[in-house]
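Trainee: I would like to go through the labels attached to this model and see what each one rests on.

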Amino acid sequence: YFEAGDGFLMLGTVATRLRERAVSVKQEWLRGATEALQRDGTLPPIESLCDLLLGYWKCAPIQESSLPCLPVCLNQCERQMVQGPICLQIVEIINAGESAYAQFQRIKKLDTNLEIDSNYDKKKWEPSPKRMLMLELTDGYQAIQAMEYQSIPCLNTNTPPGSKVCLRGCIPCRHGMLLLTAENVEFIGGRVESLVKENRQEKVLACALRIECPEAGNDGPDVELPDDDFLDDLNDDDLAEVDLEQYN
């Protein structure tokens with residue numbers, strides 16, 4: 001219990017209100033955040049307190065704040081439907097529908113040719129007239145790849161790593177990859193500064209191109225591009241209504 005004005009506030013009540021917003025938090029994180037608010041003054045009513053805590057949660061690393069919500073071993077499943085609502089954190093985001101080289105040039109405003117590793121597979125990064133975002137998402141316990149299966153206006157490559165999204169409805173997962181549409185994705189917001197620094201676009205693209213970038217490592221990005229076999233497998237009966245031609 002925590003004293004709040006003339007009465008007492010039970011953490012369980014706050015946790016229940018947050019769960020109603022599809023946010024399931026750890027008890028120790030909730031206690032610490034509430035105590036921090038209490039040190040700053042009298043706690044507000046429950047609804048206002050939930051809004052404040054939700055703001056804290058959006059900018060906290062999800063592995064510190066939240067309970068697991070993804071199905072066990074989802075990233076190893078060949079075919080599964082995931083039922084929302086579930087709230088996840090964006091670890092990394094990249095546009096697989098445009099040349100990494102062109103994107104890097106635009107960010108760095110370069111006019112000269114870059115020295116690209118001879119092992120770089122240019123075919124994967126051929127320019128496309130349509131955007132296709134690839135994301136790495138996590139519930140703090142399990143990482144999962146996701147693909148922009150149909151346009152999602154609320155997301156783009158400038159979306160800060162650490163942002164939170166709520167996946168709603170029934171989302172297909174094929175070969176460990178979630179297939180997302182605008183109907184499934186609600187952008188909540190937030191950012192995690194350590195992820196913003198580690199997975200900024202400049203660094204992710206430089207890693208993909210295997211060129212030097214300040215503080216960038218030699219490994220490629222964690223977000224993997226779908227291969228032809230994966231895309232071919234999506235043309236089955238249960239996904240026939242989705243138009244993959246927009247990504248060609």
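**Labels and their grounds**

Mentor: Helix 1 (residues 11-19) packs against helix 3 (residues 46-58) at an angle of about 65°, and their axes are 10 Å apart. The model is predicted.

Trainee: What makes helix 1 and helix 3 count as meeting, and which residues are involved?

Mentor: Contact requires heavy atoms within 4.5 Å. On the helix 1 side the residues are T13, V14, R17 and L18, and in helix 3 they meet I46, E47, L49, C50 and L53. By class, the residues of this contact are six nonpolar, one polar and two charged. The crossing of the two helices is right-handed.

Trainee: Why is the pair R17 and E47 called a salt bridge?

Mentor: The cut-off is 4 Å between a side-chain nitrogen of Lys or Arg and a carboxyl oxygen of Asp or Glu. The closest N and O atoms of R17 and E47 are 2.3 Å apart, so the pair qualifies. The structure holds eight salt bridges.

Trainee: What makes the bond between G84 and P85 worth a remark?

Mentor: Most peptide bonds are trans. The one joining G84 and P85 is cis, with omega about 5°. P85 is in the loop between strand 3 (79-83) and strand 4 (86-95).

Key. Residues are numbered from 1 along each chain as its sequence is written. This is a predicted model: local features need pLDDT of at least 70, side-chain atom pairs count only at pLDDT 80 or more; totals for chains, interfaces and linings use all residues. Side-chain values use heavy atoms; hydrogens and water are left out. Axes are lines fitted to C-alpha atoms, for helices over the stretch in contact, and angles run from 0 to 180 degrees between N-to-C directions. Helices (H or I, at least four residues) and strands (E, at least two) are DSSP runs, numbered from the N terminus. A crossing is left-handed if the near helix is turned anticlockwise from the far one by less than a right angle, and right-handed if clockwise. Ala, Val, Leu, Ile, Met, Phe, Trp, Tyr, Cys and Pro count as nonpolar, Asp, Glu, Lys and Arg as charged, and the others, Gly among them, as polar.
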